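Subject: Structure handover

Hi,

Here is the structure for you to look at. My notes come after it.

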Amino acid sequence: MKIGFIGLGNMGGPMAANLAKAGHEVMGFDLAAAPPEGVQRAASAAEAATGAAVVITMLPNGAILRAVAGELIPAMAPGAVLCDCSTVDVESARAVAEMAAAAGLGALDAPVSGGVGGASAGTLTFMVGGTDAAFATVLPLFEVMGQKAVHCGAAGAGQAAKICNNMILGVTMIATCEAFALAEKLGLEAQKLFDVVSTSSGSSWSVNAYCPAPGVGPSSPADNGYKPGFAAELMLKDLRLSQQAAAGADADTPMGALAAELYGRFVEEEDGRGRDFSAMLPRLAARPHG
Ligand code: NAD
């Protein structure tokens, strides 16, 4: 399949490389990043989109996505599908889908979970919003770049699933870090707490798969000086998207709001920037009243 790929950064680069490796003809464009092996360099987003059956975007935020979509859509062939894999606000996802539909194009919002490791290994999970027809067109590409694609509903449903998932993750990670910091003060060994919680009703992905306490549980960023992994500023971005969506939908999300506030302070006023989001544990352990 002929594919245009816009945004060849930490995630987009390896995703585009996997598509090329699988035999697709991929033309990529990025303002800064060089295309990975096997991906042809386009001179503009519009050039990458010309003649492509599917155009994939993997960009930093909704404002950039809207601007890039404005360049791509006029260049795309009738019936082609614009598939955005970035994490953006639900409104931008819906606005881009409307722009595409008005031009006779298909559109999907298909944010991912799995991080840079999953992008390289081709094991991402895609959460997808859009029509059945557009989903069917792009499914073979999701199968190359990932191991699971869930069609969540109409336009915006993929982004809704992503921010709801990451709101749970942000909240459970903070709760996990609080519990490990409290255990230490109570003289309870981190390993013992893990042994109990990981098989009890307090278990979660944050405890079992990504334990924030060093030397405990499967290998995680805590074992590597809290080098990301999933950076605290990316968690903050997703939590703020969840709060923007909650405000727009008049939904009550007090724990999500508090998690956004705590990660905001951690990233913007403390030492969280550039650290994994599980570094909330040493932050809480060091500042019990912070
Ligand atoms: P990144 O900053 O490494 O890559 C973004 C790329 O977009 C950069 O190379 C940048 O030069 C390019 N870009 C910006 N504006 C552009 C434009 N107008 N035209 C062309 N290229 C442009 O970021 P990333 O880590 O690859 O993340 C991309 C998206 O994936 C984000 O929305 C992020 O929230 C989401 N995401 C990231 C992770 C992760 O672990 N990194 C996990 C899940 C989802």
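Below are notes on one helix and on some backbone geometry.

This is a predicted model: local features need pLDDT of at least 70, side-chain atom pairs count only at pLDDT 80 or more, and totals for chains, interfaces and linings use all residues. Residues are numbered from 1 along each chain as its sequence is written.

Helix 6

(The expected span is 1.5 Å times one less than the number of residues.) Helix 6 has a kink of about 45° at valine 138, shortly before proline 140. (The bend is the angle between axes fitted to the seven residues ending there and the seven starting there.)

Its buried residues include Phe135, Val138 and Leu141. (Buried means 20 or more other C-beta atoms within 10 Å of the residue's own, exposed 12 or fewer, partly exposed in between; C-beta atoms are placed from the backbone.)

Backbone geometry

Most residues other than glycine have a negative phi, and most peptide bonds are trans.

- Tyrosine 226 has a positive phi, near 65°. It sits in the loop between helix 9 and helix 10. Tyrosine 226 counts as buried because it has 24 C-beta neighbours inside 10 Å.
- Proline 228 and glycine 229 are joined by a cis peptide bond, with omega about 15°. Glycine 229 is in the loop between helix 9 (205–208) and helix 10 (232–249).
- Aspartate 250 also has a positive phi, about 55°. Its loop runs between helix 10 and helix 11 (254–268). Aspartate 250 is exposed, with 6 other C-beta atoms within 10 Å.

Best wishes

Notes. Helix = DSSP H or I, 4+ residues; strand = E, 2+ residues; numbered from the N terminus.
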